[in-house]
Number of protein chains: 2
Amino acid sequence: MIFDPNQRQNNRSARISMALFRMTQAIKKMTQLESDAAGFTPIQIQALLFCLHTRSDAATVGNFAHAIGTTHVTAVKVINGLVQKELINKAAKLEDRRVTLLQLTSEGQLAAAKLEQWGQSLEDLLLTIPEETLASLELGLGSVIAAMQQEGHVVVAEPCLGCIHFHPNAREGSEPHYCGLVQKHLSNEASLKECPEHTSSEGV
Amino acid sequence: MIFDPNQRQNNRSARISMALFRMTQAIKKMTQLESDAAGFTPIQIQALLFCLHTRSDAATVGNFAHAIGTTHVTAVKVINGLVQKELINKAAKLEDRRVTLLQLTSEGQLAAAKLEQWGQSLEDLLLTIPEETLASLELGLGSVIAAMQQEGHVVVAEPCLGCIHFHPNAREGSEPHYCGLVQKHLSNEASLKECPEHTSSEGV
Ligand code: SF4
Ligand code: SF4
């Protein structure tokens with residue numbers, strides 16, 4: 001009953017749902033304005049940023065579809081559009097040629113680097129809010145996102161630090177870290193990229 | 001820099017921005033599933049619920065466009081689609097015939113009533129989170145939405161209760177309440193509808 005204003009009055013979950021819902025509208029609007037300025041659609045921007053920040057062997061079409069909560073078909077369409085614009089390359093994965101990996105072209109790298117400021121208007125807006133309020137907001141949001149993640153509504157991709165599968169500095173050399181899930185050694189650079197399988201050690 | 005995972009580590013505003021952004025993705029996905037089940041697009045559902053819950057003389061196309069953060073052109077298209085399905089009627093406002101008011105047809109009333117559960121999956125998810133966490137989340141979200149509202153990124157439509165313009169029970173009769181902004185008397189029913197001009201007395 002989140003859309004019935006009189007039901008909301010005595011129902012905190014409904015009030016918060018409505019607040020979150022309003023926020024999605026506002027964020028959609030804010031990012032749309034920034035996207036228009038950048039000359040890409042929001043979903044194209046998400047694709048470029050996904051390729052920029054995801055560990056290269058995890059940058060698949062399937063993971064992109066999950067990351068933005070869309071169907072595989074939609075994800076493929078977006079990616080193909082960016083392949084045509086020569087911003088993204090597709091390549092078969094060495095270990096498993098059925099899997100397609102996405103890579104930014106050098107032009108794509110440039111485009112993505114320029115998009116690093118995308119979302120800035122939201123960040124700027126938060127800077128006007130007192131630290132203390134932000135701290136409790138962050139805790140609350142963390143709980144909601146954990147619940148959403150558990151239900152499979154959202155993918156929380158993060159770097160290796162803080163992941164239960166991460167064994168930092170397991171050996172010497174250029175790939176010192178080890179991931180117990182992927183069962184591979186990782187370079188420092190790879191460990192700093194986003195991983196869709198990141199499993200936070202907090203709250204476990 | 002909200003999309004750069006390593007920048008986020010030491011930047012709370014960026015982390016919260018990312019959390020909010022992830023949440024918009026999850027909510028989009030959750031409401032999409034519910035919309036598919038209802039046989040309408042999410043924006044059609046928002047239009048029907050807007051007509052159901054907004055005070056009749058404020059249910060204009062312009063207010064609907066603002067409410068969902070879209071352009072007038074898009075809003076008109078959605079409304080016209082629902083007019084064709086005979087779920088919504090358009091009528092010129094008595095006081096100002098240039099303004100078009102939106103009304104649910106009796107069929108539209110039925111359709112909208114069935115949509116009252118839309119958003120339920122989000123509300124259900126919040127019910128799994130401890131009361132205390134929800135309380136601080138609500139406070140934090142309130143601050144963010146107030147800031148978004150100030151920047152014009154979101155419309156917070158609420159009933160008259162708690163509005164600085166509201167003079168409840170200003171006289172006897174069927175329209176006992178008075179609104180100092182619209183400068184009109186209001187029935188009890190009208191005062192319980194959502195008003196896009198609601199100005200919260202909290203935080204003023
Ligand atoms: S599962 Fe964890 S340790 Fe393994 S690559 Fe992903 S984030 Fe790193
Ligand atoms: S401005 Fe305030 S008092 Fe007037 S109709 Fe809107 S909510 Fe009610």
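**Note on the predicted two-chain model**

1. Chain A, read along its sequence, runs α-α-α-α-α-β-β-α-α-α-β-β-β-α. That gives chain A 9 helices and 5 strands. Helices (H or I, at least four residues) and strands (E, at least two) are DSSP runs, numbered from the N terminus. The C-alpha trace of chain A spans about 60 × 40 × 30 Å along its principal axes.

2. Basis of the values. This is a predicted model, in which local features need pLDDT of at least 70 and side-chain atom pairs count only at pLDDT 80 or more, while totals for chains, interfaces and linings use all residues. Residues are numbered from 1 along each chain as its sequence is written, chains are lettered from A and ligands numbered from 1 in the order in which they are written, and side-chain values use heavy atoms, with hydrogens and water left out.

3. Annotation. An unreviewed UniProt entry lists "domain: HTH marR-type" for residues 13–146 of chain A. UniProt positions follow the numbering used here, feature names are shortened, and annotations may be inferred rather than shown by experiment. In the model, residues 13–146 of chain A are 67% helix and 7% strand. The end C-alpha atoms of that span lie 16 Å apart.

4. Sheet in chain A. Two strands pair if DSSP finds at least two bridges between them. Strand 3 is joined to strand 4 (residues 177–179) of chain A by 2 bridges. There, His167(A) stands opposite Tyr178(A) of strand 4. Strands of a sheet pair through backbone hydrogen bonds, either parallel or antiparallel.

5. Sheet in chain B. Chain B also has an open sheet of 3 strands, in the order 3-4-5 and antiparallel. Its edges are strand 3 (166–167) and strand 5 (184–186) of chain B. Strand 4 (residues 177–179) and strand 5 of chain B are joined by 3 bridges. His177(B) stands opposite Leu186(B) in strand 5 of chain B.

6. Interface extent. In contact (heavy atoms within 4.5 Å) are 73 residues of chain B and 73 residues of chain A. The two chains bury about 6,900 Å² between them, and carbon and sulfur atoms give 65% of this area. Buried area is the accessible area (1.4 Å probe) that two parts lose on being put together, summed over both. Phe3(B), Arg22(B) and His153(B) supply 9% of the area that chain B buries against chain A, more than any other three residues.

7. Polar contacts and make-up. Between chain B and chain A, 27 residue pairs are in polar contact (both at pLDDT 80 or more). A polar contact is a pair of N or O atoms within 3.5 Å; within protein, one must be able to donate a hydrogen and the other to accept it, and residues adjacent in sequence count only if both atoms are side-chain atoms. Helices 1, 2, 3, 4, 7 and 8 of chain B each supply at least two residues of the side that touches chain A. Helix 2 of chain B gives the largest share, 19 residues. By class, that side of chain B has 38 nonpolar, 21 polar and 14 charged residues. Ala, Val, Leu, Ile, Met, Phe, Trp, Tyr, Cys and Pro count as nonpolar, Asp, Glu, Lys and Arg as charged, and the others, Gly among them, as polar.
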